[in-house]
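This report describes selected local features and the contact between chains. The sequence and structure come first, followed by the text.

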There are 2 protein chains.
Amino acid sequence: MRVGSGIFTDFYELTMAAGYVREGIADDVATFDLFVRRLPDPRQYLVVAGLADVLDHLENLSINPDELAFLESTGRFADDALDAFSQLHFTGEVRAIAEGEVVFANEPIVSITASLIEAQIIETRLINLVGSQTMVASKAARVATACAGRSFVDFSARRDHGGDAAMQAARSAWIGGAAGTSLVSAGQRYGLPLSGTMAHAYVMSFDDERDAFRAFARTFPDGTTLLIDTYDTEEGARRVVEVAAELAGAGVRIAGVRLDSGDLLRLSKSVRQILDHGGLDDAAIFASGDLDEYRITELLAGGAPIDSFGVGTQLGTSADAPNLGAVYKLVADESGPKIKLAEDKVTLPAAKQVWRVPVGDTSHHDVITLADETIDGARPLLERVLADGERTGPAPTVDDAKARCAAALADLPSRLLTLQQRERPYEVRRSGALESLLAELTARHRDAKSS
Amino acid sequence: MRVGSGIFTDFYELTMAAGYVREGIADDVATFDLFVRRLPDPRQYLVVAGLADVLDHLENLSINPDELAFLESTGRFADDALDAFSQLHFTGEVRAIAEGEVVFANEPIVSITASLIEAQIIETRLINLVGSQTMVASKAARVATACAGRSFVDFSARRDHGGDAAMQAARSAWIGGAAGTSLVSAGQRYGLPLSGTMAHAYVMSFDDERDAFRAFARTFPDGTTLLIDTYDTEEGARRVVEVAAELAGAGVRIAGVRLDSGDLLRLSKSVRQILDHGGLDDAAIFASGDLDEYRITELLAGGAPIDSFGVGTQLGTSADAPNLGAVYKLVADESGPKIKLAEDKVTLPAAKQVWRVPVGDTSHHDVITLADETIDGARPLLERVLADGERTGPAPTVDDAKARCAAALADLPSRLLTLQQRERPYEVRRSGALESLLAELTARHRDAKSS
């Protein structure tokens with residue numbers, strides 16, 4: 001898919017844009033906020049990701065001649081709309097919370113101020129990118145918490161929803177705390193450490209499991225990890241000891257073994273014993289197989305001597321919360337601040353700022369204010385990253401985002417790092433000025449409705 | 001991401017390939033099967049999708065100079081491996097079950113016979129494509145069943161896991177039974193009907209909801225659908241009646257209204273009354289908002305007068321089963337048929353065929369046989385689609401796949417179309433020859449282990 005394609009969007013964005021063109025308001029300036037109304041249970045915070053792709057999309061935004069011809073062929077658009085589509089570029093402003101930062105419900109993650117037509121057409125892609133990547137980064141942070149200092153790597157590529165999802169999962173997992181990925185193309189594109197050993201098919205391609213171990217160890221003599229559960233895990237561990245002894249003279253080092261099935265708690269303990277008795281005290285145990293933060297917590301609570309984890313499916317698809325209800329709402333236009341009051345949803349009006357006030361573990365809180373307010377001693381999270389369609393500075397690296405995430409998690413009130421259940425939520429206050437504006441607009445709508 | 005990139009793969013595929021090169025067995029021929037061990041609860045069947053992208057990947061498979069330089073830079077590969085990587089192309093055979101066909105646990109969906117190095121390196125991408133697309137097509141078929149003749153469209157783009165996921169979701173949903181998609185770029189690429197109306201932001205960009213309705217209806221006078229829940233759904237319906245009367249003389253037709261929040265059962269009934277009383281008997285009611293097959297079943301059971309559904313998040317992320325445990329296993333190599341016997345997993349050995357024996361609602365079953373067996377009166381599902389790396393014929397269209405799915409679902413034993421709980425599973429038998437081979441190989445491994 002072409003980066004910046006203006007037709008990677010829901011059809012209604014274009015029909016609305018055509019409406020704006022017809023009404024002569026397509027160039028009116030409006031502000032839209034992207035935010036999450038409710039954290040998926042039992043999430044207690046989110047880790048922002050996806051902004052890098054958003055900026056690439058906006059910098060390259062256009063509808064090319066082929067795409068325009070397709071739109072014309074639908075018969076739904078008049079010439080004035082098609083003409084506007086042909087000139088589409090992003091010329092507005094983006095304020096955003098940096099990748100790796102921790103955020104909470106109703107806090108604007110990205111705030112767009114642009115012409116109505118631009119701001120409307122980009123909606124679908126912005127939510128698609130920020131929602132899915134924030135989802136995985138947030139899941140990764142939970143897995144990192146469960147690992148309690150041990151490392152884990154992203155093994156999700158095969159289970160992710162297509163190619164982009166796998167690339168994004170590797171990057172988002174890295175931001176959230178993974179030590180690397182198995183996906184080679186993500187290693188290339190994002191500069192991530194690669195992780196991987198061997199599969200059952202490799203072992204099965206030899207008649208004897210020991211021959212498979214010998215061949216693989218000779219191919220990677222500087223430190224190889226052998227998969228030992230193809231036939232029988234404990235027998236596999238004994239064969240590793242045998243092969244290690246054989247090849248030690250040839251300078252081959254067995255760095256570790258991998259368990260990928262069975263009762264990982266029991267097997268990791270018995271395998272550790274077999275390796276230790278065989279003189280392989282420094283060989284690490286790497287475990288994989290349907291792991292997530294809950295399962296890792298159980299294993300470590302049970303004393304599993306596992307040094308590192310491969311986490312795939314549950315991480316890359318965020319399986320216990322496989323989507324994030326991110327929304328993108330109009331909060332102001334040329335007539336002033338706006339709200340939406342559908343039966344079960346409220347939107348905070350006007351361009352806003354989010355302030356973090358880290359005043360101790362229990363009083364640590366955020367305040368959402370109007371954009372022009374200031375809170376002394378607090379840190380503003382929304383930064384201007386695009387102005388007049390141009391970047392305001394160099395893009396942060398993915399390592400910057402990873403470091404920011406680690407720092408943000410270390411600063412969080414400790415109760416929020418509980419994984420299994422919701423604790424008292426992080427406090428997100430609203431400034432008096434924002435509350436007053438919300439009350440005023442709500443009253444105005446109630447009056448309009450009853451009149 | 002480059003189509004056919006050989007490094008869109010897990011790192012261990014490449015380390016194993018390097019092992020094969022070193023052992024001189026990289027060109028040995030092997031057969032791998034892609035299948036699902038267990039259907040996600042409460043799925044009773046799967047709908048195959050993803051094969052079109054698999055064939056594109058295989059036809060374009062290569063590792064280009066940049067990718068090769070990256071692999072070299074990891075310091076993990078010897079010259080012989082890098083040389084083999086530089087020459088990578090797919091020259092093997094693919095047998096596959098066609099997109100749109102219905103399949104069950106343990107049935108090979110794709111069977112690859114190729115050199116070990118080729119067959120190994122493609123694993124990650126094949127599972128990634130077939131697993132995620134089959135997941136969505138299967139979900140879509142369930143939604144179609146729930147709709148019971150009413151239509152639904154894919155609205156998932158913003159919730160899908162990145163760009164590819166959204167494109168694939170639109171296509172897979174169409175195969176599984178959707179009537180269209182909201183994603184414009186998917187409409188362009190796959191020739192799918194587009195669906196979409198307006199959003200709350202459009203309504204909010206006007207001071208009066210009626211002005212928004214007037215403007216939108218004048219922009220699309222041939223039949224427009226108006227979103228009525230921005231402020232108050234029933235009031236919105238009354239305003240539609242008012243605007244329709246005003247504009248009828250100008251040749252503007254209101255095709256329908258859309259409800260996107262609130263109690264859809266209650267509101268659809270009251271809105272239907274308001275429209276009917278206002279002379280808009282033929283205006284359709286379109287509903288969206290966190291719908292899936294369960295919710296649609298409830299709404300229709302309650303008598304909701306809804307004509308068409310927009311299904312987003314739950315469809316595109318298959319939220320109740322957001323991943324499919326598809327696996328890709330070695331089943332034969334130059335030494336003969338192979339099995340894997342880890343503690344909780346068994347693989348059926350040898351190249352196989354799947355036969356469908358539709359002999360009445362209760363005796364309808366499949367038989368998995370060895371590839372060279374034949375079952376009289378039954379239909380073989382695996383077809384050779386690539387030979388010597390070349391397509392054996394023109395690719396089926398996405399409409400072929402959609403028609404195949406509709407026919408396959410119509411033929412299924414009726415108990416399998418139950419959505420809420422598992423019924424007696426569809427029967428998948430194994431031929432006597434396959435059972436004998438499995439028993440023989442299992443015994444051989446047990447002997448080897450105890451010796």
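## Helix H7 of chain A

Just after H7(A), A:Gly177 takes a positive phi of about 135°. The model is predicted.

## Strand S3 of chain B

Strand S3 of chain B, residues 93-97, is largely enclosed by the rest of the structure, because five of its five residues are buried. In a regular strand the side chains alternate between the two faces of the sheet. In S3(B), B:Glu93, B:Arg95 and B:Ile97 lie on one side, while B:Val94 and B:Ala96 lie on the other. Each of these residues is buried, and both faces of the strand are covered.

S3(B) pairs with two strands of chain B, S5 and S18. The pairings are set out below.

| Partner of S3(B) | Residues | Sense | Bridges | One bridge pair |
|---|---|---|---|---|
| S5(B) | 110-115 | antiparallel | four | B:Ala96 with B:Val110 |
| S18(B) | 382-387 | antiparallel | four | B:Ile97 with B:Leu382 |

## Contact between chains A and B

The contact takes 84 residues from chain A and 84 residues from chain B. On the side of chain A that touches chain B, helix H1(A), residues 11-23, supplies the largest share, nine residues. The residues of that side of chain A divide into 33 nonpolar, 31 polar and 20 charged.

Which helix of chain B does H1(A) cross at roughly 100°? The helix is H10(B), residues 209-219, and the two axes come within 9 Å. H1(A) and H10(B) are therefore roughly perpendicular to each other; the range that counts as such is 65 to 115 degrees.

From H1(A), the residues that meet H10(B) are A:Ala18, A:Gly19, A:Arg22 and A:Glu23. They face B:Ala215, B:Phe216 and B:Thr219 in H10(B). The residues of this helix contact divide into three nonpolar, two polar and two charged. An α-helix has 3.6 residues a turn, so residues three or four places apart point the same way.

Definitions and conventions: Residues numbered from 1 in each chain as written. Chains lettered and ligands numbered in written order. Predicted model: local features only at pLDDT ≥ 70, side-chain atom pairs only at ≥ 80, totals over all residues. Contact = placed C-beta atoms within 7 Å. Nonpolar A, V, L, I, M, F, W, Y, C, P; charged D, E, K, R; others polar. Buried ≥ 20, exposed ≤ 12 C-beta atoms within 10 Å, placed from the backbone. Pairing = 2+ DSSP bridges. Axes fitted to C-alpha atoms, helices over the stretch in contact; angles between N-to-C directions. Parallel < 35°, antiparallel > 145°, perpendicular 65-115°, else oblique.
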